[in-house]
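Thanks for coming, everyone. Please have a look at the model on the screen, and then I will walk you through it.

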Amino acid sequence: MKSKKDKLDDLAAASAGRSLSGEAFRRMARSPVAITGAVITGLFVLLAIFAPLIAPKDPYERSMQGSVQLGKGIIPGPMPGYPLGVDDFGRDLLSRLLVGAQQTLVVGVMATLIGLAAGILIGGTAGAVGGWVDTVLMRFVDVLLSVPSLLLAISVAALAAKPNQWTVIIAVSIVTVPVFARLLRGAMLAQRSSDHVLAATSLGVKRRTIVLRHMLPNALGPVIVQATLTLATSIIEAASLSFLGLGDPDPSRAEWGLMLGNASSKFLDIRPELAYYPAIAIIIVALGFTLLGESMREALDPKNRR
Amino acid sequence: MLRFIVRRLLQAIPTLLILSILVFAWLRLLPGGPAGALLGDKATPEKIADLNRVLGLDQPIFVQYFKFLGRILTGDFGSSLASGQPVLSEIGFALPATIELSVGALIIAVGLGIPFGYLAARFRAGILDNAVIIVTLVGVAVPVFFLGYFLQDNFAELLGLPSSGRQSSGLDATHVTGFAVLDGVLTQEWDAAWDAIEHLILPAIALATIPLAVIVRITRASVLDVLNEDFIRTAQSKGLRQPTIRRRHVLRNALLPVATTIGLQTGLLLGGAVLTEKVFNIRGIGYLLAEGIERRDYPRLQALILLGAVVYVVVNMLVDISYGIIDPRVRVR
Amino acid sequence: MALLEVRDLKVVFQRRGERPFAAVDGVSFDVEPGQTVGLVGESGCGKSVTSLAIMGLLPRRGNKVTGSVSFEGTNLIGLSDKEMRDRRGRDLGMVFQDPLSSLNPVIPIGLQITEVLERHRGMPRKQAKVEAEELLGKVGIPDPNRRLSEYPHQLSGGMRQRALIAIALACRPRLLIADEPTTALDVTIQAQILALLAELVRDTETALVMITHDLGVVAGLCDEVNVLYGGRIVERAERHELFAEPRHPYTHGLLASIPRLDSARGEKLLPIKGSVADNIPWDGGCAFAPRCPNALDVCRSSSPDLEGDERLLRCHNPVTPAVAAGEGTR
């Protein structure tokens, strides 16, 4: 718990006074790792946006249900019109994978945004106000950090009488709240004692203006890095919740985590591709976000400035 | 040193107290409240009202909390809805399997993580380094449960390893401690011990991937940091032999952050164990948890969440204390 | 034959995708036993790189060292790692700038001294401990026995530097290189450390190469001073001569930019314009020309040579003694 905290504080402090500057951006543009991450992420986002247009078939239409015989262990593989075969309900797997990009992005982005918003609110308040408010909020955040993340997500998701897409998103996002809160507070604290904020204070600039114009923007670098990395972990964590039966109980929804969780426990010996394709998709996308986030972190790291 | 340990122990108390408040609140956030959770599917408004009186849920909230606190401090977590047994004995029964699995995973993660991380740093930007970086990046991107099924499906047969459970059914191993491997060794039933180890291999690999990836990366980064330190240059200027420099100056310093990481990852193993045990059908804590989720067995879930958090807090405390022992700078602070 | 003869030492850094950069560009000097030689200049002038090259401590990749560093007749450049390792700590000792970061934080001071003794003098641990205690006493650390088991963070800045000196001198090396040994210390401690170095060097006949940007250090300690600029020696003189009569405009500027108590009130300090970042390579002109008040046309077209017998000077248009006397030493 201590070192997780310290690491976040370090990250925050390391980039205090530095935003995603042009210099960091230029350094990223030269790094093959950053480019790979950006390309994967870019393609994924494009795919997610245009998936319904590209998908050759309706991902929800059980067009081949007749040829699926689960009792005999038969789920048809690739055939004309169905390049990757069909799933256990006779739906076109390719179309489901394509449209799944959209749903997966929604889960990842929404979970990250909710966590980010709550984290900024808590951490920003603690960092800007200080005093007992800071102590109380951070104590609370530390306790949340002291629960293993999957366990925290499980306990939140288990609260829902009827799980659905949103309970998963909220469960996954709550795990990220303490991380963002710590990060933002650390950055704000480092900012508060930094020279340019002292300068602004001594010039009589209003407190609100200082916080909004001088402190927040400079604290954003590490937050953006963390958000990018969180996108990856959120998608994986959502898949784990689906696997544990805490996901959307509607098995028709095309979301990679759901497809993977469903197929890997039931159909691996019949048609492993049903699990492998969404798994590969998740791995690639998570890798893309991780590469992008890590290279941003590296570009922002003052140790690498020469 | 003793004062440092005592202080660190005292620091954990408020965390644990707040944690108990959160779990207490969690129980009240459940659909139908604690009574509804206890009754499960059988809940009707009348039954809930009855049970509320019996449980003292009509009393003031802080009275309820202190009663709750008193109960969990004496180890009374109620009875599982699924099995009807006291939750605590369920946990006691399942714990050895999870500990065994976690130890196996840790041995893999630490045993491979530190050497590979060190070698990657030493031969920075070489083939091994690049391979290690790629493997660790992919390692954290693979969902644990998928990896479990993947190993089960593709490697169990290939390597002749069992893919489910803790022991083969034909063996009638003597039950002493509940730790299958340890029991086999204690009773000198070597075939039983070996059988238990074989059962552990695949799930331990699956559970080890994420900690392994993290430990490799931290070790690598930490060694690189230390290699740039001034005191390494001093050591070189003394003309010390390379092995002395590596062991005494590089590793000794580089392993400090790694120790913290190992602690953190140990605390996190329970999360992965939920997934791994479900995949490999190992009746440990994670299995209890997964089953508890399926059956909405709230008394069991409550106990397990509290247990998981307490283990994590305690492990971190131990890490801090051991840090104080290996790093002289922490002690005097 | 001098103890240390550096001849035409060149260190070229070559990073991938960048133009090679000569941090040290043909430096030659001698050090006699018991002599103290100063290498002086602003940061980036190549003085530290010179010392690391002598010690063989430059990073393995990304640089090329040419020329010769002859120590007691053996050229250190081109020695194998193992041969160099045998000499470092035994024949050549080094003291670094920041004593805190230069000591290993997680092992006791005692072990950091005894490990050199064990390595080079083959002492068993017990005997090395006794010796280490004696060494700590010799460098002026009170209660040395207790300090042996303490860690660097438990010592004050001056103590740490004393410990570092004890380490460097543990095997009685014939050459000690001190790279800005007082820069990280308080002024009062600086004087103590310098006095200690001077005393130890005098008592043991150790040769000392003193690397500093601080002319005050030079004035108190060095027999001979080399002023470096842009990787080359621009002026060399015996200490008193250099202070009395700086000939190179750079040396002159360095002396003139130090505030003096005895100068007239209201008189301006004369800083050197610009900084080392303005550096241009030596080929095709004097590297100091862009910052030089005396620069002539010839300074920008041809690179001056290092000339002279006892005193060496690399300048087309040196400061005349009269001007120097008028401004530099008033």
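Let's start with chain C. Its secondary structure comes to 13 helices and 11 strands.

A word on the source. This is a predicted model, where local features need pLDDT of at least 70, side-chain atom pairs count only at pLDDT 80 or more, and totals for chains, interfaces and linings use all residues. Residues are numbered from 1 along each chain as its sequence is written, while chains are lettered from A and ligands numbered from 1 in the order in which they are written.

Back to chain C. Its radius of gyration is 21 Å, close to the 20 Å of the globule rule for 330 residues, so chain C is as compact as a globular protein of that length. That radius is taken over C-alpha atoms, and the rule is 2.2 Å times the number of residues to the power 0.38. Along its principal axes, the C-alpha trace of chain C spans about 65 × 50 × 40 Å. Of its 330 residues, 45% are buried. Buried means 20 or more other C-beta atoms within 10 Å of the residue's own; exposed means 12 or fewer; partly exposed is in between; C-beta atoms are placed from the backbone.

Now a sheet in chain C. It is open, with 4 strands in the order β2-β1-β4-β5 and antiparallel pairing. Two strands pair if DSSP finds at least two bridges between them. At the edges sit β2 (21–31) and β5 (74–75) of chain C, each pairing on one side only. Strands β1 (residues 4–13) and β4 (residues 63–71) of chain C run antiparallel and are joined by 8 bridges. For instance, Glu5(C) has Ser70(C) as its bridge partner in β4(C).

Which chains have the most contacts between them? Of the 2 pairs of chains that touch, it is chains A and B. Contact here means C-beta atoms, placed from the backbone, within 7 Å. Chain A and chain C do not touch, and their nearest C-alpha atoms are 12 Å apart.

The contact between chains A and B takes 40 residues from chain A and 37 residues from chain B. On the chain A side, α11(A) gives the most, with 8 residues. By class, that side of chain A has 27 nonpolar, 8 polar and 5 charged residues. Ala, Val, Leu, Ile, Met, Phe, Trp, Tyr, Cys and Pro count as nonpolar; Asp, Glu, Lys and Arg as charged; the others, Gly among them, as polar.

On to the cores. A nonpolar core is a set of buried Ala, Val, Leu, Ile, Met, Phe, Trp, Tyr and Cys residues joined through C-beta atoms within 7 Å. The largest one has 179 residues, and Ala153(A), Ile235(A), Ile282(A), Ala286(A) and Ile215(B) touch the most other members. Helix α10 (residues 190–227) of chain B gives the most to this core, 18 residues. A second, separate core has 87 residues, including Val69(C) and Leu312(C).

Last, one residue up close. What does Ile235(A) contact, leaving aside neighbours within four places in sequence? Its partners include Thr104(A), Val107(A), Gly257(A), Ile282(A) and Ala286(A).

Note on methods. Helices (H or I, at least four residues) and strands (E, at least two) are DSSP runs, numbered from the N terminus.
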